[in-house]
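Dear colleague,

Please find below the structure that I am handing over to you.

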Amino acid sequence: MNNIERRDRGMAYISDESVFEQQKPARRLTQQLNSVDRSDFETIGKIVKELLGKSENAFINPPFYCDYGFNIEVGKNLFVNYNCTILDVGKVRIGDNCQIAPNVSIYTAGHPVHPDSRNSMYEYGIDVTIGDNCWIGGNSVICPGVTLGDNVVIGAGSVVTKDIPSWSIAAGNPCKVIRTITEADRKYYYKDRKFDEEAWKNIVEMGLSGEK
């Protein structure tokens, strides 16, 4: 079994020439993305589309870094803010309407703990899954093997080492669930600050108020 096959099966593998060869297209595209005029939204969108493949209305504020690109599967309306790193050795699956704040890192890649095993050059990639409508706060790290359910909010500066269930606000290092998101949260935009009448009217017109 070659190292690409081993990697794609979630087994320990070595980054040999064939592995590095697969990284070249993403390295070229991220270099283009990271050097483009930041106000040229059309070109940014085209590069993101080429990098992520079958994505719909995805936008990334450069700089952005990833290993392969083809291992990142995203749903509709993804927004990624500045300086995101996705080590997509394993699959990174991101659902619809997700927002990723600045300086977020998503790691599927890792190395053995024992130094002798680590010095063998074997490494691994374990998939990460992020559900629909998730918001990952700035400077957070998502570690290999983690699954975030739908409608999850991760507080800024968190290190997520374990799965987080749907409808949760979670934060900390290690990241833990703080509370469940409820219907009472709907009319607030920040802590105890409610939407004003004009904004709430717009939300109602969008069909997002929960009212029937």
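**Salt bridges and a cavity**

Glu-73 and Lys-91 are joined through their side chains by a salt bridge, with an N to O distance of 3.3 Å. Glu-73 belongs to strand 4 (residues 72–74), whereas Lys-91 sits in the loop between strand 6 (84–87) and strand 7 (92–94), so this contact ties together parts of the chain that are 18 residues apart in sequence. Please bear in mind throughout that the model is a predicted one.

How accessible are the residues concerned? Glu-73 has a relative accessibility of 32% and therefore counts as partly exposed. Lys-91 is partly exposed as well, its relative accessible area being 25%, and Arg-93 falls into the partly exposed class at 33%. The class applies because the limits are set at under 20% for buried and over 50% for exposed.

These contacts belong to a wider arrangement. Glu-73, Lys-91, Arg-93 and Asp-127 are linked in a network of salt bridges.

Another salt bridge brings together the side chains of Arg-179 and Asp-185, at 2.9 Å from N to O. Arg-179 is partly exposed, with a relative accessibility of 38%, and Asp-185 is partly exposed with a relative accessible area of 23%.

How many cavities of 30 Å³ or more does a search of the whole structure find? The search returns one. The space in the largest cavity amounts to about 40 Å³.

Which residues line the largest cavity? Its lining consists of Leu-52, Ile-60, Phe-64, Ile-72, Val-74, Leu-78, Val-80, Ile-86 and Ile-94. Sorted by class, this lining comprises nine nonpolar residues, with no polar and no charged ones. Two of the lining residues, Ile-72 and Val-74, fall within the range of strand 4 (residues 72–74), the strand that also holds Glu-73. Ile-86 is likewise part of the lining, and strand 6 spans residues 84–87; Ile-94 also lines the cavity, and strand 7 spans residues 92–94.

With kind regards

Note on methods: Residues are numbered from 1 along each chain as its sequence is written. This is a predicted model: local features need pLDDT of at least 70, side-chain atom pairs count only at pLDDT 80 or more; totals for chains, interfaces and linings use all residues. Side-chain values use heavy atoms; hydrogens and water are left out. A salt bridge is a side-chain nitrogen of Lys or Arg within 4 Å of a carboxyl oxygen of Asp or Glu. Helices (H or I, at least four residues) and strands (E, at least two) are DSSP runs, numbered from the N terminus. Buried means under 20% relative accessible area, exposed over 50%, partly exposed in between (1.4 Å probe, protein chains only). On a 1 Å grid over the protein atoms alone, a cavity is a set of points where a 1.4 Å probe fits but cannot get out, and a pocket is an open set with protein on both sides within 12 Å along at least five of seven lines; lining residues have an atom within 4 Å of a point. Grid points are joined across faces, edges and corners, and a volume is the space filled by probe spheres set on the points. Ala, Val, Leu, Ile, Met, Phe, Trp, Tyr, Cys and Pro count as nonpolar, Asp, Glu, Lys and Arg as charged, and the others, Gly among them, as polar.
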